[in-house]
Amino acid sequence: MPSDAEAAARRPAIIRAVAPDRPWAWLTAGWRDLMANPQIGFFYGGALTLAGWLLALLLLWARTAWAILPASAGFFMVAPILAAGLYEASRLREEGKPGTFAACLGGFTRNGGQLAFMGVVLVVLHLFWVRVAALIFMLMFGINFAPSLEALPMAMLRSDMLLPFLIVGTAAGAVLAAAAFAISAVSIPMLVDKPEITAMEAISVSVRAVLANPGAMLFWAGLIVVFTAMAMVPFFLGLALVIPLVGHATFHAYRDLVR
């Protein structure tokens, strides 16, 4: 027979209802975690900023500058899995334990198989979005539309298809981003916190949490989009702060929403 601890761990998760403005409390708690372990947070933020630079340079080298925007937007889909170490830092601080770099790696390894499955799901969503964006671009501007990098902005501004491209592209991106947000809002911190949980169980809990708190989760998603978009404007530099802040705050969102 399972022990009391095992039985408790397997009980169905209870979703709490929270106020629509609750994300401010998550950000406040996330800021405290960041200030408690700034070396960890800024290491993650700096590493992802560097990754953003490398991606942009790669796309410029491949003469596909148009793909920088959809690829950056797809960052929202895969970022949650990359923040597993930040969730672990918040969990360790909650328990009064030191959050060292080595200890935070446990966020990736404690439930590694299920986290890998989640990573595959999010990467597939990201790649699907990039292909959809490419298809929309070609349908709107034509397969022979290939101005130089310097001429690309003006060529798009002069095109009658710019507005339809922005409307269709934004709508398609919003649908995929909403799906990615619903399945990952609390699932990944839950997998880090509860190694006995499977990815499918965590996804189910995450979707339930989003549906049970539409106001708070819509506000939270909006804050993430605004903060990340602003962070990307100065050539991704702001990600060094936004990524660890949102990562720590996401763990507190999980704690607040799931019992």
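Is arginine 110 buried, partly exposed or exposed, and what is its relative accessible area? Arginine 110 turns out to be partly exposed, with a relative accessible area of 31%; here buried means under 20% relative accessible area, exposed means over 50%, and partly exposed is what falls in between (1.4 Å probe, protein chains only). The model is a predicted one, in which local features need pLDDT of at least 70 and side-chain atom pairs count only at pLDDT 80 or more, while totals for chains, interfaces and linings use all residues. Residues are numbered from 1 along each chain as its sequence is written, and side-chain values use heavy atoms, with hydrogens and water left out.

Now for the overall layout. The chain has 14 helices and 0 strands, where helices (H or I, at least four residues) and strands (E, at least two) are DSSP runs numbered from the N terminus. Of the 259 residues in the chain, 46% are buried. The accessible surface comes to about 13,200 Å², and 73% of that belongs to carbon and sulfur atoms; these areas come from the Shrake-Rupley method with a 1.4 Å probe, and for residues only the protein chains shown count as cover. As for contacts (heavy atoms within 4.5 Å), residues 24 or more positions apart account for 79% of those with a separation of 6 or more.

Back to arginine 110, which forms a salt bridge with glutamate 88, the closest N and O atoms being 2.5 Å apart. A salt bridge here is a side-chain nitrogen of Lys or Arg within 4 Å of a carboxyl oxygen of Asp or Glu. Arginine 110 sits in the loop between α7 (106-109) and α8, and glutamate 88 in helix α5, so the pair ties together parts that are 22 residues apart in sequence. Glutamate 88 counts as buried, at 2% relative accessibility. Another salt bridge joins the side chains of glutamate 95 and lysine 97 (3.2 Å, N to O). Glutamate 95 is partly exposed at 40%, and lysine 97 also counts as partly exposed, at 44%. Through shared partners, salt bridges join Glu88, Arg91, Glu95, Lys97 and Arg110 into one network. Arginine 91, a member of that network, has its place in helix α5 (residues 84-94) and is buried, with a relative accessible area of 10%. Leaving aside neighbours within four places in sequence, arginine 91 is in contact with Arg110, Asp193, Phe251 and Arg255.

The structure holds 8 salt bridges. One of them pairs aspartate 256 with arginine 22, the closest N and O atoms being 2.5 Å apart. This pair links distant parts of the chain, with aspartate 256 in helix α14 and arginine 22 in the loop between α1 (4-9) and α2 (23-36), 234 residues apart. Aspartate 256 counts as buried at 16% relative accessibility, whereas arginine 22 is partly exposed at 36%.

What about the nonpolar interior? A nonpolar core is a set of buried Ala, Val, Leu, Ile, Met, Phe, Trp, Tyr and Cys residues joined through side-chain atoms within 4.5 Å. The largest one has 69 residues, and within it Trp220 and Val258 touch the most other members. Helix α8 (residues 112-141) gives the most to this core, with 11 residues.

Helix α10 (residues 162-184) has 23 residues and reaches 32 Å from its first C-alpha to its last, close to the 33 Å expected at 1.5 Å a residue (the expected span is 1.5 Å times one less than the number of residues). Serine 206, in helix α12 (residues 199-212), counts as buried at 0% relative accessibility. Residues up to four places away aside, serine 206 touches Phe181, Ala182, Ile183, Ser184, Ala185, Val186 and Ser187.

Leucine 241 is found in helix α14 (residues 239-257) and is partly exposed, at 37%.
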